Amino acid sequence: MLELRNLSRHFGGVKAVDQLDLTVRRGEILGLIGPNGSGKSTTVNLITGVYLPTAGDVVFQGQDISKLAPHQRCELGLARTFQNIRLFGHLTVWQNLWAARMVRERGWAGFKERWLSGANAAREQAEELLVFGDLAHKRDMLAGNLAFGEQRRLELIRAAASGAELLLLDEPAAGMNAEEIEDLDNRIRSLRDQGRTILLIEHHMELVMEVCDRVAVLNFGRKIAEGTPAQVQQDAQVRAAYLGTDETAAT
Amino acid sequence: MDFYLGLAQVIGIHSLLGLSAWCVLHTGQVSLAQGGFFAIGAYTAGVLTSMWGWPLALALAVGALLAAAVAVAVGFPALRVKGLMLVVATTAFAEIVRLVFFNFTWRVQTPAGPVGPDGSLGFGGIRYFPANGWTTLEVCLLIWALVSAVLLVLWWLDRSRVGTLWRAVGEDELAAQSAGINLTAAKVSAFGIGGAIAGLAGGVFAHYATHIEHNNFSILLATFAIAYPIIGGLSSLAGTILAVIFIQGFLLEGLRFIGDWRSLMFGVLIVVVMLVRPGGFLNQSLGVSLGLRRGGSPNKAGSIGKGGTHA
Amino acid sequence: MDLMDFIDLTQSLIDGVLFGTTYSLIGIGFTLIFGVMHKINLSYAAASIGAAYLSLILVSLVPAPIVYLGAALLGGLLGWMVYLICFRYLPLNNPLAALMSTVGMLLAIEELISHMTMGMPQNYPALFASTNIEIGQFFLRGDLIFVFVLGCAAMVGLTLLLKRTRLGLATRAVAQQPVAAQLCGMGVNATNANTFIIAGFLGGTAGAMAGAAIGVLSPLMTLPLTVKGLVVTVIGGLGSIPGAIVAGLIVGGAENLFQFLRGVSERDIYVMLMLFAFLVFRPGGLFAAPGGRD
């Protein structure tokens, strides 16, 4: 569904992402991990269009999107959440969803959906997501006033509200306790079972190993391992990246 | 009585200016270009009625439309930059407009003598109102009818999907983009609508003042225009109107008490208001983080968190 | 055009570039404050002219160079006051409020000047006004050369200050990472205040230079100087001091060039158009501050 081909992004002399080849298959949950500074966030920004690649391509559903603007990529079915929450703080929960929903209501198809099948179809889907996120009772609350966990849920359903087929989740578990992480685990699975594909960037190893079908590991902008969670855990290079080699390992 | 009607007229026109700035500020852009659109509307409407004999309604409409068209044309390149650069770009645009009109001469012969813009001498003889027997009261009512109409339109827009889109863009551009919102379309549309309102205000101003010149359209006017929504509180339309009433009332009434010093007091007043109530009168300020950062990088949602900013 | 015209053109250009150091200083001031506070101080140019006005008090008491120094020092003082009034006590996440506050300040200063002087332009002492250096067909006006040299000295002084002193280091640190700088023991408020004082010092110098080059001070100078200063800041690149220096010279030269070609009343149109050209083709400015974003 998503292919990164020989993707590179340099900032001056720093190669944040270096000749990265990555494939995300339809319907899977792919984890992207790596030590800090390994290029995970840069990769997400390259996929969503915040950065343009120095070299290489980003191909989504067979279409080269390397040069498209972020909102155009969202229209094609790509959505993301942010590491530090970026909600529209002074809009209500419902309005946050609605703002994302509007990308589906453009053009002729959008016109039909809004006026002919009734605004209901779009509304229904947004309402469903609201329930899914356990935020129905807070729909008129300003997003900035929600509790932290609720804000994270809103980020999640807002990304889903844009009708995206591929969701990029950027460290959604940051700052969560064990209970919340388990909740997140279930939600991610549900989102996938509803027909989406998920690319999960995370530091919480337990979550990654639990929920992901496959995992890719980055270090210094390059992919050093790829496979099932079990395979990756055994990989020598991955261990070296995280734990250091014998001379420097603490354990 | 005439004095108060005159005051009401000025308040009305400045309200329109303030509302025009409100649109643009809502999407998080600081624009000092409203003076330029005001000028375009003024000269266009003036030319149409006094030189070509058009009816007022049509002339005002065309003035507003032309201003909107220019706003959209200028908006596309200008709105690609943010923060300080946008301030400077819009300032530069407004200055260009002012200077163009400063050098603009086009006169036609009418039975009453030559009429038309005359370069640095300005554009006099816009005598539609007196020639057609409008009283001060009627002009005042017209102005306020327009203000009400614009208020209604903006209120409706704000409640509709357009308003949500504008505010989302104003809140966090990066998040808005990633949620599929076309930033340029949102910003340019706000800019265009703001331009139309300013153009409308300009057209009416030209007729009520009967003589306009480049000095009327300086950067200072633009700073007044953005002062109203900022001081009034960005999230409410009423706040802008209140701010206009307060400020213009102060300035004009103040003439009686402190005479020539009123502009100075006005400056001081602004400083004081910002210190005391930085979010504006009707608070609940839209956490408009304008991207006024080095290099124009996207803003961070700094005001988000438990509690938000509420009065 | 023939040779005479070409010589006149070049002469204009030279004069413009020499005067351009004034714009450079104003541009540097804007960029300094923006770089540190991430906010615009729209009253900067007005305060600079204000400082020059204040230095008029010294005119009958001391020779001209001391008057200029006086202007610079007073500029620093005014800068500190602006910081206190418009920036110190305003919430950080509300840049609109600070902007508006500086607008109010701009209005207040301009009106104050108008009132104190009844709107009459005041003569300002110039140095070397009657000295001219001839190089072939070109005259280099003594007073303009002096202004140029003074401007260069100020810029060199500033660079040394920023690069070689602890104050300069603190300023740059706070600009880049205010929280971390605080954790390293640097007082953010004190550093910001210092930045305003330094910028004010430069501004006062610029105000004095403008007065010296033109020969008079007038409240009508504040708005054009503000606009030109902002143009210089943007063309040079936000936050870049070398950019502001070069851009100031460019704007000074271009201004005179356009004036020579199209006359005074149209000159600024072309300067603004030049700004637009920069915004379209090189929005980061001449020397864009290192970003890393597209």
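The model is predicted: local features need pLDDT of at least 70, side-chain atom pairs count only at pLDDT 80 or more, and totals for chains, interfaces and linings use all residues. Residues are numbered from 1 along each chain as its sequence is written, while chains are lettered from A and ligands numbered from 1 in the order in which they are written.

- Ala, Val, Leu, Ile, Met, Phe, Trp, Tyr, Cys and Pro count as nonpolar, Asp, Glu, Lys and Arg as charged, and the others, Gly among them, as polar.

**Where chain A touches chain B**

- Here 27 residues of chain A are in contact with 25 residues of chain B.
- On the side of chain A that touches chain B, at least two residues each come from helix 2 (70-76), strand 6 (78-80) and helix 3 (93-101) of chain A.
- That side of chain A divides by class into 15 nonpolar, 8 polar and 4 charged residues.

**Chain B: overall fold and a helix pair**

- Chain B has 12 helices and 3 strands.
- Of the 311 residues in chain B, 61% are buried; a residue is buried if 20 or more other C-beta atoms lie within 10 Å of its own, exposed if 12 or fewer, and partly exposed in between, with C-beta atoms placed from the backbone.
- Among contacts in chain B with a separation of 6 or more, 78% are between residues 24 or more positions apart.
- The axes of helix 1 (residues 2-26) and helix 6 (residues 136-159) of chain B come within 9 Å and cross at roughly 25°. Axes are lines fitted to C-alpha atoms, for helices over the stretch in contact, and angles run from 0 to 180 degrees between N-to-C directions.
- Helix 1 and helix 6 of chain B are therefore roughly parallel to each other, the term for angles under 35 degrees.
- Residues of helix 1 of chain B, including L5(B), L16(B) and C23(B), meet residues of helix 6 of chain B, among them I143(B), W144(B) and L154(B).
- The contact of helix 1 with helix 6 of chain B has 16 nonpolar, 4 polar and 1 charged residues.

**Chain C: overall fold**

- Chain C has 11 helices and 4 strands.
- Buried residues make up 55% of the 294 residues of chain C.
- Along the principal axes, the C-alpha atoms of chain C fill a box of roughly 65 × 50 × 35 Å.

- Most residues other than glycine have a negative phi.
- E171(A) has a positive phi of about 50° although it is not a glycine; E171(A) lies in the loop between strand 7 (166-170) and helix 7 (178-193) of chain A.
- T210(B), also not a glycine, has a positive phi of about 60°, and T210(B) sits in the loop between helix 9 (183-209) and helix 10 of chain B.
- T210(B) is partly exposed, with 16 other C-beta atoms within 10 Å.

Methods. Angles under 35 degrees count as roughly parallel, over 145 as roughly antiparallel, 65 to 115 as roughly perpendicular and the rest as oblique. Two residues are in contact if their C-beta atoms, placed from the backbone, lie within 7 Å.
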